[in-house]
Structure formats: structure tokens, C-alpha cells
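Colleague: Hi! Could you walk me through this model while we both look at it?

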Amino acid sequence: MPLDINHIYQGDARQLLPEVPPASIACSVWSPPYHVGKNYEANATYEDWTGLLSEVIALHKPILKPGGFLVINIADILCFPDPALPRFQAVNLRRQKSPITREDVLAAKEAYPDYNRDQLAKLLGCSEQTIDRRLNGNNIRGGKYATQTRVHLVGGMLEEAGSRAGLPLYDRRVWVKDAAWENSKWHTLSYRAVDEFEYLYIFWKPGATVIDRDKLTPKEWTEWGSRAVWTFPSVRANDDHEAKFPLELPRRVIKLFSAPGDTVLDCFMGSGTTAVAAICEGRDYIGIELSPAYVELARNACRDAAYRFATHPPAPAAISQARPQQLRLLEQVNAYTEGRT
Ligand SMILES: C[S@@+](CC[C@H](N)C(=O)[O-])C[C@H]1O[C@@H](n2cnc3c(N)ncnc32)[C@H](O)[C@@H]1O
């Protein structure tokens with residue numbers, strides 16, 4: 001059964017994307033698992049993850065309209081575990097308050113080989129942490145749990161997957177988000193920068209792309225349409241989903257890379273942000289999400305957005321273009337209300 005517009009489907013993107021009607025999607029925008037240990041990716045190996053992304057990118061070739069776009073929001077992996085690395089060692093001058101030296105600890109260990117860290121600490125009159133630091137050095141590359149980690153760039157892997165699929169990389173932008181100080185405990189123990197930006201990689205399906213310079217106002221072109229760096233806040237309360245992107249991200253992508261009445265796809269739909277942005281911008285959407293709980297969340301978000309859109313029409317200039325969409329959404333709201341979906 002082909003997937004219908006203005007629905008969120010529960011399932012694996014790899015299984016459901018072949019059901020999207022061919023050449024029907026003007027713009028696909030999504031943020032996949034980042035391979036950073038979130039609950040919804042807990043059991044995936046690095047190979048599973050790259051395999052998932054490559055397969056999903058390849059499945060876009062037939063479903064994108066010629067001239068259409070796939071936009072992937074993703075970040076580099078800042079604490080990529082690599083046990084083959086030498087241990088990173090750092091001496092933090094501010095923290096080196098205890099006079100106990102590594103030689104003291106080694107001598108105590110030799111004299112009392114059965115002592116554990118706690119007993120050695122008591123013997124030497126220092127903290128267990130000092131014993132650990134003198135023996136193992138400080139873990140300057142952080143990661144809260146892993147010791148040997150490095151930065152892993154993901155753009156090259158995506159670019160190659162796009163090329164293999166026949167979707168060349170068309171452009172890239174950077175989203176400057178809130179600085180994640182609280183997730184960056186390592187910054188006091190290293191020279192690393194705090195995590196505060198992500199990427200948008202834009203892939204293009206060869207074909208005629210309509211360039212409509214009137215789709216944004218001159219102010220919008222100057223402020224973000226023509227700009228490589230976008231700055232807006234992250235979602236502050238990830239209380240119902242652990243990795244939402246802000247509405248502004250899919251909203252800008254949708255305005256730039258599709259036209260009113262087009263269909264927008266998100267196959268890692270999460271809490272439904274892309275669908276809500278599509279509704280607000282007068283586009284149809286198709287959503288795919290693996291987790292039944294998130295599907296529920298996304299459907300509720302769409303129902304609320306569709307209700308708002310249907311009852312509070314957009315600005316007068318957009319009304320004529322958005323009218324068919326508005327009528328479809330009204331029908332959708334009625335269907336929800338009557339329990340038909
Ligand atoms: C980074 S989150 C997307 C968040 C979304 N942009 C939002 O604003 O709520 C990635 C989502 O992909 C879903 N997911 C993971 N593997 C999937 C798969 N194979 N097929 C479909 N969805 C998947 C996860 O459950 C998660 O909700």
C-alpha cells in the first residue's frame with residue numbers, strides 16, 4: 001500500500017520508504033540517530049549505524065522529485081570510543097593540589113600489593129581520585145564514561161553515501177545552537193571546545209529545480225536564506241523526546257527547498273517537528289518513526305498544528321496558495337475528532 005500524505009507511519013524507515021510513491025517528495029528533511037548512545041540507538045554498532053544511514057539515503061533516489069532535495073541535520077561525534085588509541089594524559093595544574101606523587105603511590109602499592117584504591121588513599125592521606133589520577137592520568141578527552149575517545153567527522157561518510165545513491169552534495173550549512181556546557185564536563189580537563197554547532201547537508205536529485213526568488217522576502221534572504229550559518233536556540237525542554245530539533249530548523253528548510261502544496265518527508269520523525277513545520281508552511285507531509293510512543297506524540301502534535309492552522313489562517317498573501325492544504329487539514333482535524341484515524 002503506498003504511503004498517504006498527511007500521515008505518520010510507525011515502522012522502520014528502511015521498510016517503509018519503498019512504499020512512498022515514486023518522485024512524490026519535493027523535500028525530505030530529517031535528523032537521524034547520531035550514534036551517541038541515546039536510548040533509541042542503544043544497541044546499534046557503528047557499522048549498523050552507517051549501514052542504516054547509507055540505506056536510507058539510497059532509498060531516497062526514487063522517491064524524490066527530479067530537482068528535489070534531501071536535507072540531513074547531524075553533528076560530528078565528539079567522543080567516539082577508540083580503544084586502539086594511546087591513553088590521553090593531561091596534567092591539570094589547577095587540580096594538582098595534593099602533594100602525593102605518582103612515585104609515592106607506586107611505592108605504596110609495592111609495599112601493600114593487596115590494598116585497593118580506598119586503602120591506598122587512607123594510607124597516603126589523600127583522595128581515591130588522587131590515587132586514580134596519579135596511576136592513570138587525567139582523561140582529557142572526556143566522554144563521561146569512555147577513556148580513549150576521539151572526534152569522528154560524519155560528513156564524508158554521508159557525502160559518499162549520497163554519491164553512491166546518485167544524490168550529489170549540493171550545499172551545506174551550519175546551525176549554531178545553544179552551547180551544551182552541561183554535557184561537556186571535559187572542558188575543564190582539556191583544550192577542547194564546547195559542543196555548540198551542527199550541520200545541514202543538502203543533497204540534490206538531478207533534474208530541473210525551480211528557482212523562485214520570491215519564496216522568501218528580501219529580509220529573509222539576507223538574514224538566513226543566503227547564509228551558510230544559521231543561529232537559533234535549541235529545544236530547551238526535551239521532556240517528551242530526547243533529541244528534538246527546534247521548529248525553526250525544518251521551517252527554514254521547508255520554505256527554502258519546497259513550495260506550498262509540495263509534500264515534505266521525515267523518515268526519523270521523532271516528536272513530529274517536521275510535520276508541524278510543514279503544516280505551518282502550507283505543505284503536505286509524510287512521517288515515519290520507529291517508536292510507537294513517539295508516533296503517538298507526533299500524531300498529537302500534528303493534530304494540534306492542523307487545528308491551529310485550520311482555525312487561524314496564514315497571512316493574506318499566502319491564503320490562496322495554502323487554501324487546498326487548509327481544506328485538507330480541516331478534513332484531517334474532523335477525522336481525528338470523529339475518531340476515524
Ligand atoms: C534525532 S531523533 C529525531 C527527532 C525529531 N527531529 C524531532 O524533532 O523530534 C531520531 C528519531 O529516529 C527514530 N528512529 C531510529 N531508528 C529508526 C528507524 N530505523 N526508522 C525510523 N525511525 C527511527 C528514533 O526513535 C528517533 O525518534
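Modeller: Happy to! One term to begin with: a residue is called buried if 20 or more other C-beta atoms lie within 10 Å of its own, and exposed if 12 or fewer do. Also keep in mind that this is a predicted model.

Colleague: Thanks! So what share of the chain counts as buried?

Modeller: Of its 341 residues, 32% count as buried.

Colleague: And how many helices and strands are there?

Modeller: The chain has 11 helices and 10 strands. Eight strands make up an open sheet with mixed pairing, in the order 1-10-9-2-3-7-6-8.

Colleague: Which strands stand at the edges?

Modeller: Strand 1 (7-10) and strand 8 (229-231) do. Each has a single partner strand, so one side of each is left without a neighbour in the sheet. From one strand to the next, the twist averages 20°.

Colleague: What holds strands of a sheet together, in general?

Modeller: Strands pair through backbone hydrogen bonds, and the pairing is either parallel or antiparallel.

Colleague: OK, back to strand 8. In which sense does strand 6 pair with strand 8, parallel or antiparallel?

Modeller: Strand 6 (residues 169-176) pairs with strand 8 in the parallel sense, over three bridges. Tryptophan 175, for example, has tryptophan 230 in strand 8 as its bridge partner, and valine 176 has threonine 231 there.

Colleague: How many bridges join strand 6 to strand 7?

Modeller: Seven, and those two strands run antiparallel. Valine 176 turns up again here, with phenylalanine 197 as its bridge partner in strand 7.

Colleague: Which helix lies across strand 6 and strand 7?

Modeller: Look for helix 6 (residues 155-165), which lies across strand 3 (64-74), strand 6 and strand 7 (197-204). Helix 6 runs at about 10° to strand 7.

Colleague: New topic: where is isoleucine 211?

Modeller: Isoleucine 211 sits in the loop between strand 7 and helix 7 (218-225).

Colleague: Is isoleucine 211 buried or exposed, and why?

Modeller: Isoleucine 211 is exposed, because 7 other C-beta atoms lie within 10 Å. Leucine 256 is 45 residues from isoleucine 211 in sequence, but their C-alpha atoms are 9.7 Å apart in space.

Colleague: Last one: which residues come nearest to the ligand?

Modeller: Phe268, Gly270, Ser271, Thr273 and Leu290 come nearest, out of 21 residues around the ligand. By class, that shell has 12 nonpolar, six polar and three charged residues.

Colleague: Great, thanks for the tour!

Methods: Residues numbered from 1 in each chain as written. Predicted model: local features only at pLDDT ≥ 70, side-chain atom pairs only at ≥ 80, totals over all residues. Pairing = 2+ DSSP bridges. Helix = DSSP H or I, 4+ residues; strand = E, 2+ residues; numbered from the N terminus. Axes fitted to C-alpha atoms, helices over the stretch in contact; angles between N-to-C directions. Contact = placed C-beta atoms within 7 Å. Near = placed C-beta within 6 Å. Nonpolar A, V, L, I, M, F, W, Y, C, P; charged D, E, K, R; others polar.
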